Amino acid sequence: MSTGTQEPAGTAGTAGSAGSADTAGTTDGAAAAGPTRPAEAAQPNEPAWQRLSPRLIPVHLAWLALPAFTTLATLLGTGGRPGLQALITLASLTTAFLVVAGLNLTRLLTTGYRITTERLELRSGLLFRSRRAVPLERIRSADITARPLHRLLGLATVSIGAGAHGGSAGRALRLDGVTAVQAGALRQDLLNRRATLIAQRPGEPGPEAPPPLAELSWQWLRYAPLTIWGVGSLFALLGTAYKILHDLGVDPLKLGLVHGLTTAFTAVPLWLALPLALLLVAVLGTLAAVGQYLEGWYGYRLEREEGGILRVRRGLWIHRSVSIEERRLRGVELVEPFLLRRAGGARLNAIATGLGSAEENRTRGALLPAAPRAHALRVVGALLPDDQPSPLTAALRPHPAAARRRRINRAVALVALTAGALALPGIWLPVLLPVAAAVAVVLLPVALWLAVDAHRALGHALVGDYLVTRAGTFARRTVALERAGVIGWSISQSPFQRRLGLLTLTATTSAGGGAYRVRDVGVAEGLAFAEQAVPRLLAPFLEAG
């Protein structure tokens, strides 16, 4: 089966040479690759090596745009007479980016890949040669990413996951610089070969695509500001810009717009300047949050493809396409940050094997952006078998009152430490004593309310084939994990938990984050729950009675 067209022998534009039954590529690949060198000629029964597209050269040279921009900004900010420190900084920055661009160009010229009947092979390196081979049956995903410059030049990056955790085996194989047409054909060919799902010949019309499980609604934008990421990213951007300009000998506070804002801030009374500053930060943070939401989720579609493949497409400037096999889906995670929960919203993540490390799971496993909670539950219902009850809507067993006391004690201790830190200098500065008392009076009710809310969030249950656990107040997380996906239990008790008769159960799994906790459950109840969830796994370690 071929996903492209065959090229004459002696070219490296396709994943298979002439006469090979398994080829993957496009006619564009031949123009990108050029003639194969004699040392790279394919063996009679092996496909030819394929090269990355030379269109990637401008992308790597774009690394030099930042040094050029900073040089221009420095010259303008210093009146064309930069100091010695600025010159050293510019020289170091330019050298670093030249090295990065050179390494990327070397990688482009030395990287080759091919697909044989049994494996995917990738080789790269000039001085230190590297060659990796992944059996096709081990391939778990083939994700496509296209950044702005890649899209402008018709390129894409294909990340191929082999379903391992940690080490070099856990790193995805990245083909950065194939054409967009090649990327789509390569992804489809890899998944088809791996799952042996090629049921029709090329050129035959396929079945009508089913409707998407979910797609972006513009009404969801109202949930974008209900996170701290907008304000946090704003301060991070301003701090980075300030440090770069300061290192280059440019005083950011003397620039035109910034100087005008600081002058206006100091010219008005403090009681008016502070609310205005907070309002400005809130407005800019809201705009940043909405911009982040649009950049990450514009064009979002969650689709179910043939062969039991879930595909998530999203992104404005950076296009992303992530594939998840449904048979490797071990559960889902409903995330409800504090403000988003108050507005009735939630996010949905997949718990699946083959998505890489825990950090990669959080990025590649995102199934739904901030959206109405009811919509997230409908998506979960569409993903689970029809004969399974929805685990995220089931009533959970509350945790004992000792867990609430533990949280109240921690809240009181935190308020006491905060007030004490302010009151201690009051021995020498008596004015701080009433400030410490005011802080304690304000913080104590808030801390107690959060402690009670944190206890109210605790819960666990067994719903059909799923283990369900929930915890958190600032970011409440409800996890539904397949009981068959639990490969072990970890039981921990702190000294305070032992005094209160509590323990924390941790279900270990090869999917998602790798560990999911049932926090502060009673000892007898927790051990019985673990044994009931996965029978005979914990029994050899339990004492009778």
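Reader: Does Val435 count as buried, partly exposed or exposed, and why?

Author: Buried means under 20% relative accessible area, exposed over 50%, and partly exposed in between (1.4 Å probe, protein chains only). Val435 counts as partly exposed because its relative accessibility is 38%. This residue lies in helix 14 (residues 432-457); helices (H or I, at least four residues) and strands (E, at least two) are DSSP runs, numbered from the N terminus. The model is predicted: local features need pLDDT of at least 70, side-chain atom pairs count only at pLDDT 80 or more, and totals for chains, interfaces and linings use all residues. Residues are numbered from 1 along each chain as its sequence is written, and side-chain values use heavy atoms, with hydrogens and water left out.

Reader: Where does Ser323 lie, and is Ser323 buried or exposed?

Author: Ser323 is found in strand 11 (residues 319-325). Its relative accessibility is 2%, so Ser323 counts as buried.

Reader: With which side chain does the side chain of Ser323 make a polar contact?

Author: A polar contact is a pair of N or O atoms within 3.5 Å; within protein, one must be able to donate a hydrogen and the other to accept it, and residues adjacent in sequence count only if both atoms are side-chain atoms. Here the partner of Ser323 is the side chain of Arg187, at 2.8 Å.

Reader: How should I read a sheet?

Author: Strands of a sheet pair through backbone hydrogen bonds, either parallel or antiparallel. Two strands count as paired if DSSP finds at least two bridges between them. In this model, six strands form an open sheet with antiparallel pairing, in the order 14-13-12-17-16-15. Strand 14 (366-372) and strand 15 (459-463) stand at the edges, each with a single partner strand, so one side of each has no neighbour in the sheet.

Reader: How many bridges join strand 15 and strand 16?

Author: Strand 15 pairs with strand 16 (residues 466-471) over five bridges, in the antiparallel sense. Val468 in strand 16 is the bridge partner of Ala461.

Reader: Which residues touch the most other members of the largest nonpolar core?

Author: In soluble globular proteins, nonpolar side chains tend to be buried together. A nonpolar core is a set of buried Ala, Val, Leu, Ile, Met, Phe, Trp, Tyr and Cys residues joined through side-chain atoms within 4.5 Å. The largest has 39 residues, of which Tyr300, Ile324, Leu348, Leu367 and Leu368 touch the most other members. A second, separate core of 23 residues includes Leu120, Val158, Ile160 and Ala162.
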